[in-house]
Amino acid sequence: MIILIGLNHKTAPLAVRERLFAGCEDAKTLLPEFLAIEGVAETLFLATCNRVEVIAVIEDNPETIDKLKTTLMKKGGLTDGEASCLYIYRDDKAIKHLFRVTSSLDSLVMGETQILGQAKDAYRQALAQNATGVALNRLMHRAFRAAKRVRTETGIAANPVSVSFAAVELAKKIFGTLTGKKILIVGAGEMAELTGTHLVGNGAEEITVANRSQAQAAALAEKFHGRAVGLEALDDALAHADIVISSTGAPSYIITEDMLRQALRKRKNPLLFLIDIAVPRDIDPAAGEIENVYLYNIDNLQDIVDENVKMRRREALKAEKIVDEEVAQYSNWLKELEAVPTIVSLRTKAEKIVRTELEKAQGWMTGMENGDREKIEALVQGIVNKILHAPVAVMKEESAEFSAQDIVAAARQLFRLDE
Amino acid sequence: MNFENVELIFFALAFFLAALSAAGYLFSLLVKRVMLAKISTWILAGAFLLLTAYLIAAAINAHGFTNLGPRALFAFYAWSAGAVYLVLQFKTKTRLLGAFIGPLVLLFVIIAAGQEAGKTILPEGLQSWLATGHLALSIVGEILFVLASCAGAMFIMQNSLLKSGKFTSMSRLLPSLGDLDRINHLCLLCGFPLLTTGIIAGAFYAAFVWENLWTSDPKVIWSFIAWLVYGVLLHQRLALGWKGFRMAALSCIVFLLLLLTYILVKLCFSSLHNFV
């Protein structure tokens, strides 16, 4: 059976997650430790700052589960009281949980892509340690496939859900391409820096930082290989910028409508994108009325983000359906897997018997014509196939409902397959 | 094999694809999916190829491009609209512009379908390459101005969406302001010289045929006004640096005015250019 033990940001407080994450960092020692537990056939674990998940293929017995759980708890130094943070999922529920995790349906920010990369790393590590087998290999491939389907078939990751990325998307809708666009950051705030970073990541060039404190401006400008100026040079800087991000602590407007009108007169490129993330506002709202000027304040951006979050939630419903489909497919395959080795050995055994008996018959069959001998061989083969057909079919049918174990065991005993 | 049938088949297929792509574009606007617009672009490319094949077949049947009839003339309108749009698709990713161009192409094809296929538009014995060139250049020039105005209309839509401080799915679907402004610029820049050359070719043709450079034909006057107006637009853009919203708005207003006067001219006056 497949089992998944773990905790995440929903079930465990940060303090617990931190401890467990720190304890699980070393895959080299951890994977062999799990594999050494009696009844564990395959295993893999995923540890990130938001979650730790141990997935294993085990024999169905409570002791194995218990041992897995205590080993994991020991790693993070979890007390018995903290054990309630852990969840244990079996079979279909475990598969579903894993698929939801890789599809980022279980993430703090739904639709983020980091988790998929982390899951791929975890799988690579387990592969390197030979900790996985047929069942887990396919499970992980299916988990990645589910994640890919969710990303391409739903809009879950389509629209940005952070203010800085929303600003980038807007900038693209205004300018088309950000390549070569000039950015002016007014005030050396963290939010402005983050937005600037994303804009540069999308092709923007030439960053100018204007700040009351020259030293702070210089420090931020250096990060972007940009230029630092004092607030007194703001007029000139405005005339050269395409995108202005303002986040000063100034009590009143520091960029007025007049300043912008004058700056626009000196510009070649007409479009100007103003992002005002300061509270109280830095840019006179009247500036938004100016032709070819697009002004967004923090509330506008937050509204866009909220709307996108809502949309992701709607898309998540579609994603859940995809996950369910993928779970059903994998689970069917897995259930058949239970019976498959037995069916294979049953067929091999029968094949062997046929061959031995035909060899024994070589003596009295030598006098026969070739055609007749082939007919006899085909007849024998046919009879064996007919006899095996029913048990094989029953095993397959039963395994589709996860109840093949008894029948498979009976078949192994009846045909003495384990000898 | 009867070659006139081939011509007809090409035209019918082009008609079908043009209708399909126009529907696709409009539908993509309705369901707000760019994918549909992308597919429609490919369908339009197919319609364009078929129109090309149709024009060639028609020219072969008429023994030369100078003898083409009214149907081919309107097919050429559709052809150039398709061509200009598809070329722009290489430069910018503005598939949604097709929501304007697709129906326009279809409109021209529909008009073409209503025209006689056979007889030539030019008076018997007066066919010449100068006249054909005059028509072709003027048509492509006019189409470019139409496109400049379409881009302007979309600019105005996107502008008002973005100015509202919200970011709707409609806004996501429409091309960016920068791209639309660039299209407006490119179309004016290419359209003006083409129309100029077309008008000059027409004047020369008139000089040869009627020994008169200037006929006070209402449509000639209208074309001259259109030419002047677009010259002014281009001047504002290049010399005065008008860009963005103002240019977009002006393009649209000018286009609507010209369309209106054209319809008036068409309804109220008889002209040498009765075929358009």
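This is a predicted model: local features need pLDDT of at least 70, side-chain atom pairs count only at pLDDT 80 or more; totals for chains, interfaces and linings use all residues.
**View 1. Pairing of strand 5 with strand 8 in chain A.** Strand 5 of chain A and strand 8, which covers residues 243-246 of chain A, pair in the parallel sense. The pairing rests on 4 bridges. Within strand 8 of chain A, A:Ile245 is the bridge partner of A:Ile185.

**View 2. Pairing of strand 5 with strand 6 in chain A.** Strand 5 of chain A also runs parallel to strand 6, residues 205-211 of chain A, and 5 bridges join the two. A:Ile183 has its bridge partner in strand 6 of chain A, namely A:Ile207. Strand 5 itself spans residues 182-186 of chain A and is mostly covered, with 4 of its 5 residues buried.

**View 3. The β-α-β unit of chain A.** Strand 5 of chain A, helix 8 of chain A and strand 6 of chain A together form a β-α-β unit. The helix of this unit comprises residues 190-201. The unit is right-handed.

**View 4. The contact between chain A and chain B.** Chain A supplies 16 residues to the contact, and chain B supplies 14 residues. On the side of chain A that touches chain B, the elements giving two or more residues are helix 7 (163-175), strand 10 (293-297) and helix 12 (298-360) of chain A. Helix 7 of chain A provides the largest share of that side, 5 residues. By residue class, the side of chain A that touches chain B divides into 8 nonpolar, 4 polar and 4 charged residues.

**View 5. The helices of chain B.** Chain B contains 9 helices and 0 strands. Read from the N terminus on, its elements follow the order α-α-α-α-α-α-α-α-α. Of the 276 residues in chain B, 42% are buried. When contacts in chain B between residues at least 6 apart in sequence are considered, 81% of them join residues at least 24 apart.

Methods: Residues are numbered from 1 along each chain as its sequence is written. Chains are lettered from A and ligands numbered from 1 in the order in which they are written. A residue is buried if 20 or more other C-beta atoms lie within 10 Å of its own, exposed if 12 or fewer, and partly exposed in between; C-beta atoms are placed from the backbone. Two residues are in contact if their C-beta atoms, placed from the backbone, lie within 7 Å. Two strands pair if DSSP finds at least two bridges between them. A crossover is right-handed if, with the strands pointing away from the viewer, the path from the first strand over the helix to the second runs clockwise. Ala, Val, Leu, Ile, Met, Phe, Trp, Tyr, Cys and Pro count as nonpolar, Asp, Glu, Lys and Arg as charged, and the others, Gly among them, as polar.
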